[in-house]
Amino acid sequence: MKATGIVRRIDDLGRVVVPKEIRRTLRIREGDPLEIFTDREGEIILKKYSPIGELSLFAKQFADSIAQTTGHIAMVTDRDQFIAVAGTSKKDLIGKPVSRELERLMSERENVVAARGDKGFIPIGTEEDDFEQQAIMPIISEGDVIGSVLILSREKKERLGIMELKIVGTAAAFLGRQMEQ
């Protein structure tokens, strides 16, 4: 655990303000859920809660199925990081942050099918963003955006299209409904 040097008092309603600098660094937005933990030394730990993170094993199996069926790379994210990756050797992407552009696309509930160079093409947040094609759909559960499903390709010649958009749409709708149960 890292000390920040910031001290805050609890108000009469039991609230503590998380400083703006920390919220910005950790990408905590107004309305984001935080999970509260305590330990034996009397520490209170706040952790950003990821509802889709609870389905990480299920999301991984779902991404594996999409990758196997389509022959492309499949990813599932929550609003901040990659939860599941299949069809590539970059398993170290799990837990890495998504790009600000992907975060914006999710919050605006946009879907995209684009090739590199197209107006709608966005970086997704990987160190080596060498993907040439993308199909992206946000996951919506109980009216809130909780993540996204992506199909990516490194092939320049082969264009992703309506079929891939339908696949990510089906996956996003299914994962969203799983969270509602």
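## Putting the terms to the test

User: What makes strand β4 (residues 82-86) a partner of β3?

Analyst: Four bridges join the two strands, which run antiparallel. Two strands pair if DSSP finds at least two bridges between them, so four bridges are enough for β3 and β4. One example is M75, whose bridge partner in β4 is V85. Between β3 and β4 there's a hairpin of three residues.

User: What sort of model is this, and how are things counted?

Analyst: It's a predicted model, where local features need pLDDT of at least 70 and side-chain atom pairs count only at pLDDT 80 or more, while totals for chains, interfaces and linings use all residues. Residues are numbered from 1 along each chain as its sequence is written, and side-chain values use heavy atoms, with hydrogens and water left out. As for the labels, helices (H or I, at least four residues) and strands (E, at least two) are DSSP runs numbered from the N terminus.

User: How do you know that β3 pairs with β7, and in which sense?

Analyst: Count the bridges again: β3 and β7 have six, and they pair in the antiparallel sense. A74 is one place to look, as its bridge partner in β7 is I151.

User: Why is β3 called mostly covered?

Analyst: Six of its six residues are buried. Buried means under 20% relative accessible area, exposed means over 50%, and partly exposed is in between (1.4 Å probe, protein chains only). In a regular strand the side chains alternate between the two faces of the sheet. In β3, I73, M75 and T77 lie on one side, with A74, V76 and D78 on the other, and both faces are covered.

User: What makes the buried residues of α3 line one face?

Analyst: Helix α3 (residues 100-107) has L102, E103, L105 and M106 buried. Seen down the helix axis, these fall within an arc of 160 degrees, so they line one face of α3. The arc is that of the directions from the helix axis to the C-beta atoms. An α-helix has 3.6 residues a turn, so residues three or four places apart point the same way. The cover over the buried residues of α3 includes β3, β5 (112-115), β6 (133-141) and β7 (144-153).

User: Why is R109 called partly exposed?

Analyst: Its relative accessible area is 43%, so R109 falls between the 20% and 50% cut-offs. R109 sits in the loop between α3 and β5. Its phi is near 55 degrees, a positive value in a residue other than glycine.

User: What does R109 touch beyond its neighbours within four places in sequence?

Analyst: R109 is in contact (heavy atoms within 4.5 Å) with P138, I140, G143, D144 and V145. Take D144: it's 35 residues from R109 along the chain, and the C-alpha atoms are separated by 9.6 Å.

User: How do you know whether E142 is buried or exposed?

Analyst: E142 has a relative accessible area of 61%, so it passes the 50% cut-off and counts as exposed. E142 is in the loop between β6 and β7, and its phi is positive too, near 50 degrees.

User: And why is I44 called exposed?

Analyst: I44, in strand β2, has a relative accessible area of 64%, so it's over the 50% cut-off and is exposed.
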